[in-house]
Amino acid sequence: MPRYVHVPTEATHQLIRQAYEAGGPYQWAREAWKNSEESHASIIQFGIEEQAAERLGVLRRTIMDNGEGMEPDDLKIFLTTFGGGGKPIGMDQNFGQGFKSAVLPWNPYGVVVISYTRNNPEGAMLWIYRDDQGNYALKEWPAHDEDGDFVTYMSTPRPFNDEAHGCNWGAIRPEWMETGTIMVLLGQSSESSTWQGDPEPSRNENVDGLIRYLNGRLLTVPDRSGAPIETTVFDLYERKSAERRASKDKTVVLPSGQEMVWRPRRIHGLRHFIPKTELTGTVVVDEHGTSTTAGGSRDVTVVGSLLCSWD
């Protein structure tokens with residue numbers, strides 16, 4: 001029997017890092033959105049976890065959907081199988097450049113995944129983090145019997161109240177989610193705010209950039225039951241006046257007393273921004289000022305302008 005090439009456990013984090021470097025800014029958002037879309041979600045929300053915001057002033061980015069969810073064993077496969085997760089691997093597939101490799105390097109403290117299915121309506125959660133040796137591992141919690149005696153360690157408990165991190169993991173679930181999956185990005189420590197995205201300076205991520213990226217990567221937002229998948233990114237700004245009616249704004253008061261307004265911003269896809277009437281105009285195509293004039297084909301003219309301005 002031939003001896004097959006394999007990757008030692010201690011080398012996995014190097015492969016994940018290389019895959020991360022090969023991807024660009026906001027790759028994690030695209031991968032997360034695609035996973036949610038493939039789970040048949042009709043709602044995909046890039047939100048902000050409110051409990052830790054109110055209690056600790058920590059603003060953690062969440063990604064939620066109302067798809068089919070994952071069973072506890074599937075959760076483990078999804079987050080501990082590099083280059084797999086049940087999807088085909090090939091040059092025209094993701095070959096490992098998926099959510100794990102795009103999100104784990106800038107969230108060494110951990111990514112919490114909570115999933116609800118019809119078979120498991122109370123949910124299961126999993127926490128993957130980078131250990132002191134640089135390897136990725138699942139956090140484990142002790143399980144006890146009815147008498148309070150220790151039985152074993154488990155890595156997929158039911159969502160529980162976690163005072164140390166300022167939130168009840170089970171209370172994150174929104175009313176619109178019967179089944180689905182929640183991901184909470186914890187960043188580099190328990191005090192990290194991840195709502196703006198990857199803090200790596202060379203990536204220069206922020207909420208405006210995330211919205212432009214998603215609108216640019218999605219030509220159209222696919223339909224689900226006759227309506228486009230409701231994709232929303234939540235932004236934050238400080239309330240400085242009472243100009244807008246409070247009833248229209250969702251606000252959270254941080255421990256410092258600062259009032260933050262949660263502002264939902266909808267993702268429509270690139271085609272939404274293409275006017276329905278023909279346009280003509282001139283587009284600058286390089287840094288030397290070279291321009292081209294087009295007319296008669298609205299898709300070519302306008303999409304070219306949008307890509308030039310966004311890239």
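Contact here means heavy atoms within 4.5 Å, and helices (H or I, at least four residues) and strands (E, at least two) are DSSP runs numbered from the N terminus. The model is predicted, so that local features need pLDDT of at least 70 and side-chain atom pairs count only at pLDDT 80 or more, while totals for chains, interfaces and linings use all residues. Residues are numbered from 1 along each chain as its sequence is written, and side-chain values use heavy atoms, with hydrogens and water left out.

View 1. The buried residues of helix 1 (residues 12-22), where buried means under 20% relative accessible area and exposed over 50% (1.4 Å probe, protein chains only), are H13, I16, A19 and Y20. These residues lie on the same side of helix 1, because they cover an arc of only 120° around the axis, taken from the directions from the helix axis to the C-beta atoms. The buried residues of helix 1 pack against helix 5 (99-103) and strand 5 (136-138), whereas the face turned away from the buried side carries the exposed residues Q18 and A22.

**View 2. T117 in its loop.** T117 lies between strand 3 (111-116) and strand 4 (124-130), and this loop residue is buried, with a relative accessible area of 4%. Not counting residues up to four places away in sequence, T117 touches E68, G69, M70, E71 and T179.

**View 3. The whole chain for orientation.** The secondary structure of the chain comes to seven helices and 17 strands, and buried residues make up 45% of its 311 residues.
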